[in-house]
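Me: I would like to learn how to read a structure like the one below, feature by feature. Could you give me the general idea each time and then the case at hand?

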Amino acid sequence: MALFKLLNQYRHIEKELKKYLWLANRDIHVQQDPTNPRHFDVTIIGPKASPYEGTPFQVEVYLPEQYPLIPPIVRFVSNISHPNIDDFGYIQNSFLGSRWIPSFGIHTTLLIIQELLKNPKGAFSNKCQKSLVGESSKSDKLEDACLNLFKMSL
């Protein structure tokens, strides 16, 4: 029974691996760890017309055992100053929490992260929201835009 469950999880990961060529055309390069199929090293090039334009960022993606029912663990290894990324490199945004949808997958998660890099001013972490009154609607608008991006990619 456990072997069947394990094989199904790896089939799901294998399907997502096929989408990586599509991501490479969007300056997102994914490499799976050969010793751990749940761990990915990702390079995201800062998107054009953003403060991060052309800057390569190293990102770690780890798929927990309950994936895709729970979101992947995503951490920026590269130093980055962004309102939605904490001091340890973890993304503080509801699309990797309460608004996670299992059909997002790795490819959509990475596209949403790239979208967050395009608009850092509109994406505020909880700490930033407390200091800025009335700015929470900008964060909601960005999350809605990311969800719309996901819907268009289906």
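Reply: Buried residues make up 42% of the 154 residues in the protein chain, and since this is a predicted model, that share describes the prediction. The accessible surface of the chain comes to about 9,100 Å², of which 56% belongs to carbon and sulfur atoms.

Me: How many helices and strands does the protein chain have, and how do the elements run from the N terminus on?

Reply: The secondary structure comes to five helices and four strands, and from the N terminus on the order is α-α-β-β-β-β-α-α-α.

Me: Which residues of the largest nonpolar core touch the most other members?

Reply: The general idea is that in soluble globular proteins, nonpolar side chains tend to be buried together. Here the largest nonpolar core has 26 residues, of which Phe76 and Ile91 touch the most other members. The elements that give two or more residues to this core are S2, S3, S4 and H3, and the largest share, seven residues, comes from H3. As for Ile91, leaving aside residues up to four places away in sequence, its contacts are Val74, Phe76, Asn84, Ile85, Leu96, Ile113 and Leu116.

Me: Is Leu117 buried or exposed, and which residues does Leu117 touch?

Reply: Leu117, which is found in helix H3, has 1% relative accessibility and therefore counts as buried. Not counting residues up to four places away in sequence, Leu117 touches Ile44, Pro47, Ser50, Pro51, Tyr52, Phe57, Phe76, Ile80 and His82. A distance between C-alpha atoms is another way to read its position: Leu117 and Pro83 are 34 residues apart along the chain, and their C-alpha atoms are separated by 9.9 Å.

Me: What does Gln114 touch?

Reply: Gln114 also has its place in helix H3, and with a relative accessible area of 10% it is buried. With residues up to four places away in sequence left out, its contacts are Arg26, Asp27, Ile28, Ile44, Ile45 and Pro47.

Me: How many aromatic pairs does a search of the whole structure find, and how should I read their geometry?

Reply: The search finds four. The reading rests on the angle between ring planes, where under 30 degrees counts as stacked, over 60 as edge-to-face and the rest as tilted. The rings of Phe57 and Phe76 have their centres 5.9 Å apart and their planes at 75 degrees, so this pair is edge-to-face. The pair links distant parts of the chain, with Phe57 in strand S3 and Phe76 in strand S4, 19 residues apart, and both Phe57 and Phe76 are buried. The rings of Tyr67 and Trp100 have their centres 6.4 Å apart and their planes at 45 degrees, so that pair is tilted. Because Tyr67 lies in the loop between S3 and S4 and Trp100 in the loop between S4 and H3, the pair ties together parts that are 33 residues apart in sequence; Tyr67 and Trp100 are both buried. Ring pairs also link Tyr52, Phe57 and Phe76 into a cluster.

Me: Where is the place of Pro68, and where is that of Ala49?

Reply: Here one looks at backbone angles in the loops. Pro68 sits in the loop between strand S3 (56–62) and strand S4 (73–76), and the peptide bond from Tyr67 to Pro68 is cis, with omega near 10 degrees. Ala49 belongs to the loop between strand S2 (39–45) and S3; although it is not a glycine, Ala49 has a positive phi of about 60 degrees, and its relative accessible area of 73% makes it exposed.

Technical notes
Residues numbered from 1 in each chain as written. Predicted model: local features only at pLDDT ≥ 70, side-chain atom pairs only at ≥ 80, totals over all residues. Heavy atoms only, no water. Buried < 20%, exposed > 50% of the residue type's maximum accessible area, 1.4 Å probe, protein only. Contact = heavy atoms within 4.5 Å. Areas by Shrake-Rupley, 256 points an atom, 1.4 Å probe, with all protein chains shown as cover. Core = buried A, V, L, I, M, F, W, Y, C linked by side-chain atoms within 4.5 Å. Phe/Tyr/Trp six-rings, centres within 6.5 Å; stacked < 30°, edge-to-face > 60°.
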